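This briefing goes with the sequence and the model shown here. Keep both open while reading the points that follow.

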Amino acid sequence: MKTLLILLATLLSVPVLADSETEPNNDQSIADTLIAGEFMSGRLSHDEDVDYFEFVLSGGAESLELVFGSPNVMGTENRWLILVQRASDGILVYQEVLGPTADLQITRNIDIDNGWHWVSVRPPGGSLATPNDVYNITITPDNFTPSVGAIEGVWQDNFSSYYSIHEGADGLLYIELSTNPFGWNAYLGSRIEDMAVLNLVVGPGTATLELTFTSSSNYEARYLSCQTEGGDPCAAAPGELLYTSTKVFAD
Ligand SMILES: [Ca+2]
Ligand SMILES: [Ca+2]
């Protein structure tokens, strides 16, 4: 197990589920594609640089979560103008000048319909300087469902524990890569849309775990039921948020 954790720590320096802009992307006809739930990074290289991205919503999307950050930015002076535009008629569905800080990305929920859209990132104009730090942008529609295989990989929760997810036609295997000296735990079950329901198959006691994927790189974990080996209720009550995880490695 120790070897595995060292291996994981080595792998974790590699960002995953991420893409970078491809210049020139300065108008709508050569926009880069945003994938729901995946991180896109870019940079305004000069005062005339505009970065266009495009995405298509389907299946009855009604709102879009847009997350905008700049993880290495120094201070609070950096501002980017973000526009979201419907391609069919050019209507602006969102525009705002955003100033994320290194420790605080910005999240907005935007009312939106199905169809093709553009996001553009540009200098803020006026007396504000063009920021030259790297920015990142992630969009996730409210009806988002990860595709089969998109959630495979190694995940880390907000308490620094690791998990491994394996998904195929036969179901979803979820392994807790615990440092617990008494052994490891595994759950088996299946996923429908954004929710997996999994039963403990290796480990003490009985438990049914529910994972809710809010994107291809985030989920929340809760027990639907849980009993210890001695038949007592587990410390965490059913429905209580146990942890949130982010994806840290994929093939
Ligand atoms: Ca750029
Ligand atoms: Ca550009």
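**Overview**

The protein chain splits into domain 1 (18-141) and domain 2 (147-249), with bounds that come from an automatic or database domain assignment. This is a predicted model, in which local features need pLDDT of at least 70 and side-chain atom pairs count only at pLDDT 80 or more, while totals for chains, interfaces and linings use all residues. Residues are numbered from 1 along each chain as its sequence is written, and chains are lettered from A and ligands numbered from 1 in the order in which they are written.

**Whole chain**

- Between the C-alpha centres of domain 1 and domain 2 there are 32 Å.
- Along the principal axes, the C-alpha atoms of the protein chain fill a box of roughly 65 × 40 × 30 Å.
- The protein chain has one helix and 18 strands; these are DSSP runs numbered from the N terminus, helices being H or I of at least four residues and strands E of at least two.
- Of the 251 residues in the protein chain, 28% are buried. A residue is buried if 20 or more other C-beta atoms lie within 10 Å of its own, exposed if 12 or fewer, and partly exposed in between, with C-beta atoms placed from the backbone.
- Contacts are pairs of residues whose C-beta atoms, placed from the backbone, lie within 7 Å. Among contacts between residues at least 6 apart in sequence, 54% join residues at least 24 apart.

**Sheet**

- An open sheet of five strands runs in the order β1-β3-β10-β5-β8, with mixed pairing; two strands pair if DSSP finds at least two bridges between them.
- From one strand to the next the twist averages 25°, from angles that run from 0 to 180 degrees between N-to-C directions of lines fitted to C-alpha atoms.
- Six bridges join β5 (residues 63-69) to β8 in the antiparallel sense. Within β8, R108 is the bridge partner of L66.

**Nonpolar cores**

- A nonpolar core is a set of buried Ala, Val, Leu, Ile, Met, Phe, Trp, Tyr and Cys residues joined through C-beta atoms within 7 Å.
- The largest one has 23 residues, and L34, F53, F68, I82, V119, I137 and I139 have the most contacts inside it.
- At least two residues of this core come from each of β3 (39-42), β4 (51-57), β5, β6 (80-86), β9 (115-122) and β10 (135-141). The strand that gives the most is β4, with four residues.
- Another core of 22 residues lies apart from it and includes A150, V154, Y187 and L211.
- Leaving out residues up to four places away in sequence, I137 touches M40, L66, F68, V119 and V121.

**Loops and backbone**

- Most residues other than glycine have a negative phi, and most peptide bonds are trans.
- The E23 to P24 peptide bond is cis, with omega near 0°, and P24 sits in the loop between β1 and β2 (32-33).
- S160, in the loop between β11 (153-157) and β12 (162-168), has a positive phi near 70°. S160 is exposed because 6 other C-beta atoms lie within 10 Å.
- E193, in the loop between β14 (185-192) and β15, has a positive phi of about 55°. E193 has 11 other C-beta atoms within 10 Å and is therefore exposed.
- G203 lies in the loop between β15 (195-202) and β16 (206-215) and is partly exposed because it has 18 C-beta neighbours inside 10 Å.
- Not counting residues up to four places away in sequence, G203 touches G183, N185 and A186.

Note on methods. Two residues are in contact if their C-beta atoms, placed from the backbone, lie within 7 Å.
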